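Bring your questions, and we'll take them in turn.

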Amino acid sequence: MAAVQQIDPRSELDALFPSPSSPPNVHSPSRYPGASPEAVAALTHALKENHTKHHIYFNHKGFHNHIADRVLALYAMGASGSLIEKVYKHDSAYQRPAVEPPEAITEENFIEHLGDENFYAAYKTFFSKVVRDRGLSTTLEEYIFSKKYNFIEGLDASAQPVMLARFLGVLFHAFIHVGYGAEFGILGMVAGGLALASVHPYEFLPSYLFEPSGTTAVKETTSRLASLFLNTKTSTAPSQLEEPPKNHAFSILAKIMQDSKFTKEIKDFNSLMSEHGDTIWRYAEQWTIDPSQPGEIERKMEECIWTGTILYSIGGWNKESSLTADFAFMHFVTSSLFLPSLLPYLPQNSQVILLRGYFASTLGWWIARGFPRLDIQGFLSATSRISSEVKVANPFLDIIQSVIMHPDEHMPKIQRAFAHFSSLYGTRPKGYFMDTELEGAEALDGSLFLRAARLTEEYMSEGTRLTEEDMIKGIRAWSFEGFPARD
């Protein structure tokens, strides 16, 4: 037997966690000034140590370890090396240590241990080798978008691997993790994210997604990114598209609000999908995605971003108490930030599957959290002060500067997302959404992102009093209560 070649763990970690690369394309978030050698050193130290020392859940309730997400967001916002070190020291204090897996994960036993968090480190080791050998695109195609790793003939529904559902499941946490890897060029984040997807629980997924389509492999390869911005000259703003699609995402929201199936109060996402998953996916299938049309993937990405922001801000708002910053809805915003960085790595067929799966999961969580109504006109009227009474030269610079020091790990992430969405779509005028079926959508404009950011800042001001003990106990300033069922 040939001798096994020993690999220096330090060199392997260096390969998995290099210095961050530049954003992959014009629609990915820009970096704020402030980068320094000290910041890079603090960041890579935090990422490597977190990767080797800590479990993916910081408690036994399934609360995710957000260290990597937070330090990367802070780095992108120009945080100093000393601040990154301070945040890492704080956040690492309440993490669980890495769990030694019962056995290694191989191609042969990969499916056997899906959903078992005790195998997180084993899946992480497995994917660390896979992504280094095959790269991000090939790895995602095989383990997330292939039929082999989603549906196997002869297995019961609950035993199916459904890796796409696990990837998008539990409020998009694995998707976010891999998204950071794509945005910053860090394969270790990809490996950790795919390992997290592997230990996420089973969620509903329709099997027809992976049936053969009319698109050949050659056509997929040659048309890859054909409708994306990467094949056009770099611009400072998204192109203005003359005609909206026949079934805009907003129109699907309007249709669902008229469906009597969803009038009862349902709070548990998995119960909802078990009962109504087919119906929700049928709505997602009605959402028009025609990748043969120039700009279609870019347009659908934008629709997902606007939809997530509307559900979080307008869905979470009422005239009596202003914004309720819902923990689940917040993840619509923070996850959609990574669509621009992940979509270019996928062939056309998988781009469509990812967008539709992302949209279906968003719809499911919106309904599961109590299905709040969308009073667009009321929201815009009540929040007009935010856009009309700007007291600083650039309100988003003020927001970013203040949120860098916020004790809640999600605050830098959501405000970075709103700032970026404002840079992409802030020039959208009233009337841009006039041809959708969603009541009041014609009054929306690009000020929505600033309004949402300011309301979040106001709501979370109480969160500045969170202590380290609160964080260890899992206490958050976000709302976990959901919303009353609609009338």
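Predicted model: local features only at pLDDT ≥ 70, side-chain atom pairs only at ≥ 80, totals over all residues.

Q: Fine. Let's begin with helix pairs. At what angle do H18 and H19 pack, and how far apart are their axes?

A: With a helix pair, look at the angle and the axis distance together. Helix H18 covers residues 411–425 and helix H19 covers residues 448–459; they pack at about 165°, and their axes are 9 Å apart. H18 and H19 are therefore roughly antiparallel to each other, since angles over 145 degrees count that way.

Q: Is the crossing of H18 and H19 left-handed or right-handed?

A: Left-handed, as H18 passes H19.

Q: Which residues make that contact?

A: From H18 you have Met-411, Ile-414, Gln-415, Phe-418, Phe-421, Ser-422 and Tyr-425. H19 answers with Phe-449, Ala-452, Ala-453, Thr-456 and Glu-457. Sorted by class, the contact of H18 with H19 has eight nonpolar, three polar and one charged residues.

Q: H18 has another partner, H11. How do their axes cross?

A: Helix H11 is residues 296–313, and its axis comes within 12 Å of that of H18, crossing at roughly 130°. H11 and H18 are therefore oblique to each other. The handedness here is left-handed, with H11 passing H18.

Q: What about H9 and H14: what are the angle and the axis distance?

A: Helix H9 (residues 249–257) packs with H14 at about 35°, and the axes lie 12 Å apart. Their crossing is right-handed. Ala-249, Ile-252, Leu-253, Ile-256 and Met-257 in H9 meet Phe-359, Leu-363, Trp-366 and Ile-367 in H14. By class, that contact has nine nonpolar, no polar and no charged residues.

Q: Now to empty space. How is it found?

A: The general idea is that rolling a probe the size of a water molecule over the atoms shows where empty space is left. Here, that gives five cavities of 30 Å³ or more.

Q: How much space lies in the largest cavity, and which residues are closest to its centre?

A: About 130 Å³ lies in the largest cavity. Its lining has 15 residues, and Asn-50, His-51, Ala-68, Tyr-120 and His-177 are the closest to the centre. Helix H2 (37–53), helix H5 (120–143) and helix H7 (187–199) are the elements giving two or more residues to that lining. By class, the largest cavity's lining has six nonpolar, eight polar and one charged residues.

Q: And the second largest cavity: what lines it?

A: Its volume is about 100 Å³. Among the residues lining the second largest cavity are Ala-165, Leu-168, Phe-204, Phe-269, Trp-281 and Ser-361. H6, H10 and helix H14 (348–368) each supply at least two residues of that lining. The lining of the second largest cavity divides into eight nonpolar, two polar and one charged.

Q: Let's do a pocket, then. How many residues line the second largest pocket, and which lie nearest its centre?

A: There are 23 lining residues, with Gly-62, Val-170, Leu-171, Phe-327 and Trp-365 nearest the centre. About 470 Å³ of space lies in the second largest pocket. Helix H6 (163–184), helix H10 (269–286) and helix H12 (327–336) each supply at least two residues of its lining, and H6 gives the most, with three. The second largest pocket's lining has 10 nonpolar, six polar and seven charged residues by class.

Note on methods:
Residues numbered from 1 in each chain as written. Heavy atoms only, no water. Axes fitted to C-alpha atoms, helices over the stretch in contact; angles between N-to-C directions. Helix = DSSP H or I, 4+ residues; strand = E, 2+ residues; numbered from the N terminus. Parallel < 35°, antiparallel > 145°, perpendicular 65-115°, else oblique. Left-handed = near helix turned anticlockwise from the far one by under 90°. Contact = heavy atoms within 4.5 Å. Nonpolar A, V, L, I, M, F, W, Y, C, P; charged D, E, K, R; others polar. 1 Å grid on protein atoms, 1.4 Å probe; cavity = no way out; pocket = protein on both sides within 12 Å on 5 of 7 lines; lining within 4 Å. Points joined across faces, edges and corners; volume = space filled by probe spheres on them.
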